[in-house]
Amino acid sequence: MKLSTFKKAFGTSIQKQRVQKNLTQAELAEKLGIELSTLGKIECGMSFVSAKLLLKICSTLEVTPAELFNFSGKININTVFDSDFERVLEILFKCNNKELKKIYEILTSIIDFKK
């Protein structure tokens, strides 16, 4: 398994656990004491966690590290983003919170306009 695939699978595992606990990314990031963009990068497989953050994630999500790493054989093409999506994510992760809010406003305006 390539490292990038491993990181994406791990990030997907965190995301699934977060969703099962009915937490938004913002809520989990706040509980972990990290930036929302940092959590986004972890969930998308663009960053990885330190041992300290791993333990904090496990404690917050009430799971064991083994549960988060239990993705052997569960990786499929849907967990690996296409290159266009990855490029968009890379741009977003370089933005500060003010820029992200503006992008969000623009996107929601576009979606509302299409309705």
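Predicted model: local features only at pLDDT ≥ 70, side-chain atom pairs only at ≥ 80, totals over all residues.
For the chain as a whole I noted a mean pLDDT of 83, with 82% of the residues reaching 70 or more. Going through the elements, I found the lowest mean pLDDT, 67, in helix α6 (residues 83-93), and the highest, 95, in α2.

I then looked up the overall make-up of the chain, which has 7 helices and 0 strands, so that I could write the order of its elements from the N terminus on as α-α-α-α-α-α-α. Of the 115 residues in the chain, 30% are buried. The accessible surface comes to about 7900 Å², and carbon and sulfur atoms hold 57% of that surface. Looking at contacts with a separation of 6 or more, I noted that 66% of them join residues 24 or more positions apart.

Next I turned to the packing of α2 on α3. Two packed helices are described by the angle between their axes and the distance between the axes. For helix α2 (residues 25-32) and helix α3 (residues 36-43), I noted axes that come within 9 Å and cross at roughly 110°. Angles of 65 to 115 degrees count as roughly perpendicular, and α2 and α3 are therefore roughly perpendicular to each other. On the α2 side I listed Q25, A26, L28 and A29 as making the contact, and on the α3 side L36, L39, G40 and E43. Sorted by class, this contact of α2 with α3 has 5 nonpolar, 2 polar and 1 charged residues.

Staying with α3, I checked burial and found S37, L39, G40, I42 and E43 buried. Among these, L39, G40 and E43 also belong to the contact with α2. An α-helix has 3.6 residues a turn, so residues three or four places apart point the same way. After α3 comes G45, for which I noted a positive phi, near 85°.

Which other residues have a positive phi without being glycine? I noted N22, with phi near 55°, and E62, with a phi of about 55°. Most residues other than glycine have a negative phi, and most peptide bonds are trans. I placed N22 in the loop between α1 and α2, and E62 in the loop between α4 (51-61) and α5 (65-68).

My last entry concerns Q17, which has its place in helix α1 (residues 3-20). Its relative accessibility is 14%, and since buried means under 20%, Q17 counts as buried. Which residues is Q17 in contact with, leaving aside its neighbours within four places in sequence? I found L61, V63 and L68.

How values were computed: Residues numbered from 1 in each chain as written. Heavy atoms only, no water. Axes fitted to C-alpha atoms, helices over the stretch in contact; angles between N-to-C directions. Helix = DSSP H or I, 4+ residues; strand = E, 2+ residues; numbered from the N terminus. Parallel < 35°, antiparallel > 145°, perpendicular 65-115°, else oblique. Contact = heavy atoms within 4.5 Å. Nonpolar A, V, L, I, M, F, W, Y, C, P; charged D, E, K, R; others polar. Buried < 20%, exposed > 50% of the residue type's maximum accessible area, 1.4 Å probe, protein only. Areas by Shrake-Rupley, 256 points an atom, 1.4 Å probe, with all protein chains shown as cover. pLDDT = per-residue confidence, 0-100.
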